[in-house]
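Hello,

Here is the structure you will be taking over. Please open it first, then read my notes below.

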Amino acid sequence: MSAVEAKLAELGLTLPEVVPPLAAYQPAVQSGVYVYTAGQLPMVEGKLPVTGKVGAEVTPEEAKELARTCALNALAAVKSVAGDLDRIARVVKVVGFVASASDFTGQPGVINGASELLGEVLGDKGVHARSAVGVAVLPLDAPVEVEVQVELTEA
């Protein structure tokens, strides 16, 4: 077990299977020492646990937990191409999308769920640049979607 996966276990988390693509794309691709994930939905065992807009059908607290799930799914996608999460030199950037009710402005707090998970799991390597964007709708009516870019150490 890698040190990153041991940290996940210590936090009571298990790396999930990679979420299969919903369309014509790959869950993650590597270019040089960088891995770019596709947008990761908060899928759990092939299903969305909740759907709807944050600030309407979904509370900000629920959405923050869903963003954690997105980040966990992103780590699974990174591992699928890197082979070992211990190869992560650092998380470079996180982009989070929040399907928002028209008056909801708490997108950064929601995406903190993903950022905090990466920090808990990776320590200083999890510190990153970030964007948190409100959108009208996401695939499958998901409340949150997160994509991650990481730099790897040489194999």
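The largest pocket has a lining of 16 residues, and Pro16, Met43, Val44, Glu45 and Asn73 are the ones nearest its centre. Please keep in mind that this is a predicted model. The space in the largest pocket comes to about 270 Å³. Which helix gives the largest share of its lining? Helix 2 does, with five residues. Sorted by class, the lining of the largest pocket holds nine nonpolar, three polar and four charged residues.

How is such space found? Rolling a probe the size of a water molecule over the atoms shows where empty space is left.

Now look at the second largest pocket. About 150 Å³ of space lies there. Its lining includes Val19, Pro20, Pro21, Leu22 and Tyr25. Pro27, Gly39, Gln40, Leu41, Met43, Pro139 and Glu145 also belong to the lining of the second largest pocket. Nine of these residues are nonpolar, two are polar and one is charged. Met43 is worth a click: Met43 is among the residues nearest the centre of the largest pocket, and Met43 also lines the second largest pocket.

In what order do the five strands of the open sheet lie? The order is 1-2-5-3-4, and the pairing is mixed. Strand 1 (28-31) and strand 4 (129-135) are at the edges. Each has a single partner strand, so one side of each has no neighbour in the sheet. On average, neighbouring strands of this sheet are turned by 15° against each other, direction ignored.

Take one pair as an example. Strand 3, residues 88-99, pairs with strand 4 in the parallel sense, over seven bridges. To see the pairing in the model, find Val95: Ser131 in strand 4 stands opposite Val95.

**Helices on the sheet**

Two helices to look at here. Helix 2 (residues 60-82) packs on the sheet and touches strand 1, strand 2 (34-37), strand 3 and strand 5 (144-152). The direction of helix 2 makes about 40° with that of strand 5. Helix 3 (residues 107-122) packs on the sheet too, touching strand 3, strand 4 and strand 5. The direction of helix 3 makes about 155° with that of strand 3.

**From the record**

UniProt, in an unreviewed entry, lists residues 5-147 as "domain: Endoribonuclease L-PSP/chorismate mutase-like". Over residues 5-147, the chain is 31% helix and 22% strand. The end C-alpha atoms of that stretch are 20 Å apart.

Best wishes

Terms used: Residues are numbered from 1 along each chain as its sequence is written. This is a predicted model: local features need pLDDT of at least 70, side-chain atom pairs count only at pLDDT 80 or more; totals for chains, interfaces and linings use all residues. Side-chain values use heavy atoms; hydrogens and water are left out. Two strands pair if DSSP finds at least two bridges between them. Helices (H or I, at least four residues) and strands (E, at least two) are DSSP runs, numbered from the N terminus. Axes are lines fitted to C-alpha atoms, for helices over the stretch in contact, and angles run from 0 to 180 degrees between N-to-C directions. Contact means heavy atoms within 4.5 Å. On a 1 Å grid over the protein atoms alone, a cavity is a set of points where a 1.4 Å probe fits but cannot get out, and a pocket is an open set with protein on both sides within 12 Å along at least five of seven lines; lining residues have an atom within 4 Å of a point. Grid points are joined across faces, edges and corners, and a volume is the space filled by probe spheres set on the points. Ala, Val, Leu, Ile, Met, Phe, Trp, Tyr, Cys and Pro count as nonpolar, Asp, Glu, Lys and Arg as charged, and the others, Gly among them, as polar. UniProt positions are given in the numbering used here, feature names are shortened, and annotations may be inferred rather than shown by experiment.
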